[in-house]
Amino acid sequence: MYFFTDTNINDIEDMIAGFEEKNVKEVTFEQVSDYLKNVKDCKDPFFVAVSIFRSLDTNSDSKISLNEIKTHKLLTFAKQWGGILERNINKMILEYDENHDNIITWEEACNVFRDDPDVGEDGCEISTKSLFHSIDSNKDREITKDEIKAYLEKLKK
């Protein structure tokens with residue numbers, strides 16, 4: 001199966017935007033295919049158009065609207081953010097969780113800060129306190145994956 005790229009999506013979005021002055025807010029398969037024939041890096045406009053329509057024409061009306069493109073972009077961003085978020089959570093757990101129980105305790109976090117040359121023994125307590133104040137939502141002196149995820153979600157807003 002041929003997969004289209006973000007560049008192809010942007011091409012179609014630009015194409016629709018060019019039609020907006022004529023109050024056209026959607027394009028047909030033929031319009032997309034014809035448009036892609038003039039795109040320099042598009043080697044097979046027909047199959048790219050088929051792939052685009054299979055992914056973007058969510059209401060199966062044989063047209064792609066700006067709303068369908070925006071929805072696709074939002075879903076793509078959400079999937080990417082979810083992957084980044086999960087990797088960061090796992091990385092943090094790996095770094096701090098000494099006993100590998102998927103929970104970061106106060107002592108485990110303090111040990112990481114203590115070993116950090118920029119924090120050391122003198123700053124480990126205040127650094128741990130700051131970390132837990134930010135992330136430990138139920139104040140049980142343990143940080144879980146769910147608490148890290150909630151904290152990172154709050155940061156992105």
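Since we're looking at a predicted model, local features need pLDDT of at least 70 and side-chain atom pairs count only at pLDDT 80 or more, while totals for chains, interfaces and linings use all residues. Numbering runs from 1 along each chain as its sequence is written, and side-chain values use heavy atoms, with hydrogens and water left out.

Let's start with the fold. We have 7 helices and 4 strands, where helices (H or I, at least four residues) and strands (E, at least two) are DSSP runs numbered from the N terminus. If you walk along the sequence, the pattern reads α-β-α-α-β-α-β-α-α-β-α.

Now contacts, meaning heavy atoms within 4.5 Å. Take those in the chain with a separation of 6 or more: 47% of them are between residues 24 or more positions apart.

Areas here come from Shrake-Rupley with a 1.4 Å probe, and for residues only the protein chains shown count as cover. The chain's accessible surface is about 10400 Å², and carbon and sulfur atoms make up 52% of that. As for burial, 35% of the 157 residues count as buried; the cut-offs are under 20% relative accessible area for buried, over 50% for exposed, and partly exposed in between (1.4 Å probe, protein chains only).

The rule is a side-chain nitrogen of Lys or Arg within 4 Å of a carboxyl oxygen of Asp or Glu. How many salt bridges does that give us? The count is 4.

One of them pairs Glu26 with Lys63, with 3.5 Å between the closest N and O atoms. That one ties together distant parts of the chain: Glu26 sits in strand S1 (residues 26-28) and Lys63 in strand S2 (residues 63-65), 37 residues apart. Glu26 counts as partly exposed because its relative accessibility is 32%, and Lys63 is partly exposed too, at 31%.

Then there's Arg114. Its side chain meets Glu107 in a salt bridge at 3.9 Å, N to O, and it also meets Glu121, at 2.8 Å. With shared partners, Glu107, Arg114 and Glu121 end up joined in one network. Arg114 has a relative accessible area of 27%, so it's partly exposed; Glu107, at 46%, is partly exposed as well.

Okay, that's my bit.
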